[in-house]
Amino acid sequence: MPFVAAVIGYVTKRVAIEMMYRPVEFKGFWLIGWQGVIPRNAHRMASVAMELLTTNLIRPKEIFARLDPQRVAEELREPLLRAVEDITRELMAEYQPQIWEMLPAQAQQRLIRQVQADAPKLVEKLMREIAGNIEEVLDVRDMAVRNLVRDKALLNRLIRDVAQPEMRFIAHSGIYFGFVIGLVQLGAWALTHSPWIMPIFGGLTGWLTDWLALKMIFFPREPRKFLFFTWQGMFQRRRMEVAHDYGDLIAREVLTVQNVLEAVLTGPKSDRLFTLIQREVQRAIDAQISIAKPLVVLTVGSRRYQEMKLLAAKRAIELLPTTVKHVEDYASNALDVRNTIITQMQQLTPIQYEGLLRPAFRQDEWKLIAVGAVIGFLVGELQVLLLLH
């Protein structure tokens, strides 16, 4: 009986753990089926986790202030010059085709170089303005939540990788707790020989060991002495290790330069960035042709001139993803998201730190405990049938 109870304890833990993560999408028919607790509550869990991240671990304005506008312009110099040349040729061919074709190649190149010379200054100016007002063009929390909800497997990894030792402890604790309860079950059977002893203790083993293991992960938050030993919740005790794992995962898969760029271009505040770029590009065009502006307007017309400036801004925005790829390595190192998270996690209170993992269990942990109890009860019934035969 103790050995069977140990098996029940282990199996119920493994089932409960897997039910947290799998399946990623709902499997079943109509209302009968199952989806992993974490994937099913992806938006809520991602929101809670990212609220902690953006409130206590990183400050977007402080992070993005680490980017040196001059260094960014230097890193982008080659792709930027190519982009400027392409846009200039396209605009001239569209709005001044006759004049452009009449210009010798040397004159065309001189005009392009003149425009290219001011491009890095424009990038520096944009970078300073964006870094100083990053909240106006980027919602970091929305970006992270959208990525985690879209990629539920990533959300699973965010919790599973960080909490791997805790999951292993839950599974193994079922063996030890189950064995002890099995000894009690053996004594109760010896005294009563009641067939109800098996399913009742099976259900008790599944329920109690699940509940106890979950509590031992998080509590007590501070080291506390119990008789002859001292215990602190495993997750609290592993703060330094968790900080490194969490920082690695966030920097590598969530707050990446690519994800930030996508959020800036497609997020809820993207229109503000487009307005900013459009304004600066139009100013640059006006500055380039300031002396000849009346002649240019007269030649192409006021409406066509405004269209030309809008097209230039549009093409600059379209080329942005390709151009910015050249600065990813520098930006990743400069932002230093990983080490920032590690440092800040050391300063969290125990309750704040617990919030990294606790939301994965709190709301639905009763379901996991109930499943453990049901499995334990059914295995106990199986024991009775074996004994009777």
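This dialogue explains how to read several features of a predicted model of a protein chain.

User: How much of the contact pattern comes from residues 24 or more positions apart?

Analyst: Among contacts in the protein chain with a separation of 6 or more, residues 24 or more positions apart account for 80%.

User: How should I read a nonpolar core, and which residues touch the most other members of the largest one?

Analyst: The general idea is that in soluble globular proteins, nonpolar side chains tend to be buried together. Here the largest nonpolar core holds 91 residues, and M50, Y246, I250 and M345 touch the most other members. Helix α3, residues 42–57, gives the most to this core, with eight residues. There is also a second, separate core of six residues, which includes I181, W189, I197 and M198.

User: With which residues is I250 in contact, once its neighbours within four places in sequence are left aside?

Analyst: I250 is then in contact with M50, L53, L158, L255, V337 and I341. M50, like I250, is one of the residues that touch the most other members of the largest core.

User: How should I read salt bridges, and how many does the count come to?

Analyst: In general, side chains of opposite charge can pair when their charged atoms come close. The count here comes to 14 salt bridges. In one of them, the side chains of E18 and R160 meet at 2.8 Å, N to O. This pair links distant parts of the chain, since E18 belongs to helix α1 (residues 2–21) and R160 to helix α11 (residues 152–160), 142 residues apart. R160 is partly exposed, with a relative accessible area of 25%.

User: Which residue forms a salt bridge with E253, and where do the partners lie?

Analyst: E253 pairs with R157, and their closest N and O atoms are 2.4 Å apart. This pair too links distant parts of the chain: E253 is in helix α15 and R157 in helix α11, 96 residues apart. E253 is partly exposed at 23% relative accessible area, and R157 is partly exposed at 29%.

User: Which residues do salt bridges with shared partners join into one network?

Analyst: Salt bridges that share partners join R14, E18, R22 and R160 into one network. A further salt bridge lies between R66 and E62, whose closest N and O atoms are 3.9 Å apart. The relative accessible area of R66 is 30%, which makes R66 partly exposed, and E62 is partly exposed as well, at 44%.

User: How should I read a charged residue such as R239, and how far away is the nearest side chain of opposite charge?

Analyst: R239 is found in helix α15, residues 239–254. R239 is buried yet has no salt bridge, and the nearest side chain of opposite charge, E222, is 6.7 Å away. A salt bridge requires the charged atoms to be within 4 Å. The side chain of R239 instead reaches the backbone oxygen of M345 at 3.0 Å. Apart from its neighbours within four places in sequence, R239 is in contact with M345, Q346, Q347, L348, T349, P350 and Y353.

User: Is E166 buried or exposed?

Analyst: E166 is buried, with a relative accessible area of 0%. E166 lies in helix α12, residues 164–192. Leaving aside neighbours within four places in sequence, E166 is in contact with I217, M234, F235 and R238.

Definitions and conventions:
Residues numbered from 1 in each chain as written. Predicted model: local features only at pLDDT ≥ 70, side-chain atom pairs only at ≥ 80, totals over all residues. Heavy atoms only, no water. Helix = DSSP H or I, 4+ residues; strand = E, 2+ residues; numbered from the N terminus. Buried < 20%, exposed > 50% of the residue type's maximum accessible area, 1.4 Å probe, protein only. Lys, Arg positive; Asp, Glu negative; His and termini not counted. Polar contact = N/O pair within 3.5 Å; in protein donor to acceptor, adjacent residues only side chain to side chain. Contact = heavy atoms within 4.5 Å. Core = buried A, V, L, I, M, F, W, Y, C linked by side-chain atoms within 4.5 Å.
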